[in-house]
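Morning, everyone. Have a look at the model while I talk.

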Amino acid sequence: MSLYENTLAQMKKAADTMSLDPELYAVLEEPMRIVEVHIPVRMDDGSLKVFTGYRSQHNNFAGPFKGGIRYHQQVDLGEVKALSAWMTMKTGVVGIPMGGGKGGIIVNPKELSEGELERLSRGYARLIAPVIGDQVDVPAPDVNTTGQIMSWIKDEYSKFVGKETPGVITGKPLEDGGSLGRNTATAQGGMYVLDKLAEEKGIDPASASVVIQGFGNAGHFMAKMLREKGYAVKGLADSRGCIVSDSGFEPDEVLEIKKAEGSVVNVEGKPGYEDVRTCSSGEFVEMECDILVLAALENQITGENAENVKAKYIIELANGPINPEGDAILQEKGVLVVPDILANAGGVTVSYFEWHQNVNDEKWTAEEVDEKLTKIMYDSYVKVAENRDKYSCTMRIAAFITAMQRLDTLWKEGKKI
Ligand code: NAD
C-alpha cells in the first residue's frame, strides 16, 4: 500500500465512523492544487542540473495551506500528497486557523555545496512564488531543510512581491523573524499530551520507564523533559545504534557524548555507565517499558514486530512510525497509541504562532508561547479523548474525527464552493 493509500484508508475509516458527509469526503480525497516544478541550477563545476520539486495544497477551508518542504532523494508526488493531507488533519486536530500543504524536492542535499543549495532553494522559491504567500500557503522546514533555507525562500518570495514578507514561511532563524520556542515545540507538545495521558491513566512519572527511538531535535528534547518530570529514561537510540540501562540516562550527558563522538552508543564503557549495553534496533522497540516514544522514522512498528512490543503506551513524535498492519496488532493487544497528528502537532502550532507574530508585527515572549501551546495541546487531547470514547475507537481514528469535525463545520457554513 502506498503512503497516499494509507492516508486515505485512515481518513476513510474516520469518515465512516463519524458518518461524514460523502461530498465533503470526496473533496478531501485529493489535494485542491498540486504544482510540479523543474528547477535549473548552475552547479559549482559549471554544469547545469534540473531538479524536480512539488508543492501539494491539500485543503484551505480553515486558513492558508501549511506544511513543510522536504529535500530528499526519495521524495515523490504520492508522498508529498499524503503528507499534505496529514497536515490538514494535524492543523484540524489542534484547531489552528490553517490548512494543509507539503512540498518537496528530489535531491540529496548532502551532495550539494552551500552555494548549490542556496541556488536550488531560491530557484524553487521563484517557481512556487505565484502560489504561496502569507495569506495563501505558508511553508516550513521538514526533513533536511533548515532555518537558513527558510530565510532564502522568504527573501526570494519578498523580491517576487516587492515587499518584505516574513509571514510567507515559518521556521526561520530567530533573528530573521522566527519565534521563540520553535526548537522545543514538537517535544514540548508531545510532553503536554503525555501529561494529559498520565492524568487520565494514572501514570506516575516516578515509577514509569520510557524508551525513546531517535535522539535528534524531537527525541532529545523529549528525553530531557521526561527526565525533568521524573520519568526514568531507560533506552535511547539513534541511526548508529541503541543503548539501554536499568539505572537510566541523563539526556544532556548523553548529548554531550553524542556531539563529541557521533552517537549515543559511544556512552557504552564510559565511567559511570557500567550497566549500559547496546542492542539491535529490532530488540530496542520490543524492550520492556511503560512508554515507548517513537521520534525517528516512518514504519518502525509493522506487522512483523508489533506482536512483540511490550510498552503499554506509545507516543508518536515521528510522522507515521507505525504502519496500518502494526497499528491493528497494537490495538488488538490493548497498547494505547497517541497518534502523530496529535502527539507531534506542537511543531505546527508554534509555526502558526510564528506566522501570527509576523503578520501582526508582534513579538511574543517564551512564556507567552508556552502558555498558548499548553492550552492548545491540553484542549486537543481532551477533544480527541472525548471522540475516542464517543465513537469507541482508537486515539488515531478519534484524532482524524476531531479534524474532520472542524472541516465539517466549515463545510456546512457553505462558504467553501
Ligand atoms: P532529526 O533529524 O533531528 O532526528 C532524527 C533522529 O532519529 C536522529 O537522532 C537519528 O539518528 C535518528 N534515527 C534515524 N534513523 C534511525 C533508526 N533507524 N533508529 C533509531 N534512530 C534513528 O529529526 P527530528 O526533527 O527530531 O524529527 C524526528 C521525527 O519527528 C521525524 O519523523 C519528523 O518528521 C518528526 N517531526 C519533527 C518535528 C520537528 O519539529 N522537529 C515536527 C513534527 C514531526
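In what order do the five strands of the open sheet run? The order is β1-β2-β4-β3-β5, and the pairing is mixed. Strands here are DSSP runs of E with at least two residues, helices are H or I runs of at least four, and both are numbered from the N terminus. Two strands pair if DSSP finds at least two bridges between them.

Before I go on, the ground rules. This is a predicted model: local features need pLDDT of at least 70, side-chain atom pairs count only at pLDDT 80 or more, and totals for chains, interfaces and linings use all residues. Residues are numbered from 1 along each chain as its sequence is written, and side-chain values use heavy atoms, with hydrogens and water left out.

β1 (33-42) and β5 (137-141) stand at the edges. Each has a single partner strand, so one side of each is left without a neighbour in the sheet. From one strand to the next, the twist averages 25 degrees. For angles, axes are lines fitted to C-alpha atoms, for helices over the stretch in contact; the angles run from 0 to 180 degrees between N-to-C directions.

Look at β3 (residues 65-72) and β4 (residues 100-106). They run parallel, joined by four bridges. Y71 has its bridge partner in β4, namely I105. α3 lies across β1, β2 (48-59), β3 and β4, and runs at about 155 degrees to β4. Contact means heavy atoms within 4.5 Å.

Next sheet. This open sheet has seven strands, in the order β9-β8-β7-β6-β10-β11-β12, again with mixed pairing. Its edge strands are β9 (277-279) and β12 (336-338), each pairing on one side only. The twist here averages 20 degrees from one strand to the next. β6 (residues 209-213) and β10 (residues 291-294) pair in the parallel sense over four bridges. Q213 has L294 as its bridge partner in β10.

Domains. The chain is divided into domain 1 (32-176) and domain 2 (185-334). Those bounds come from an automatic or database domain assignment. The C-alpha centres of the two domains lie 30 Å apart.

Everything sits on a 1 Å grid over the protein atoms alone. A cavity is a set of points where a 1.4 Å probe fits but cannot get out. A pocket is an open set with protein on both sides within 12 Å along at least five of seven lines. Lining residues have an atom within 4 Å of a point. Grid points are joined across faces, edges and corners, and a volume is the space filled by probe spheres set on the points.

How big is the second largest pocket in volume? About 280 Å³. It has 19 lining residues, and the closest to its centre are L3, N6, E298, N299 and G320. α1 (3-18), α3 (77-94) and α10 (324-333) are the elements that give two or more residues to this lining. α1 gives the most, with four. Both domain 1 and domain 2 supply at least three residues each.

Last, the cavity. The structure holds one of 30 Å³ or more. The largest cavity has about 30 Å³ of space. L83, W86, M87, K90, K102 and N319 line it. Which element gives the largest share of that lining? α3, with four residues.
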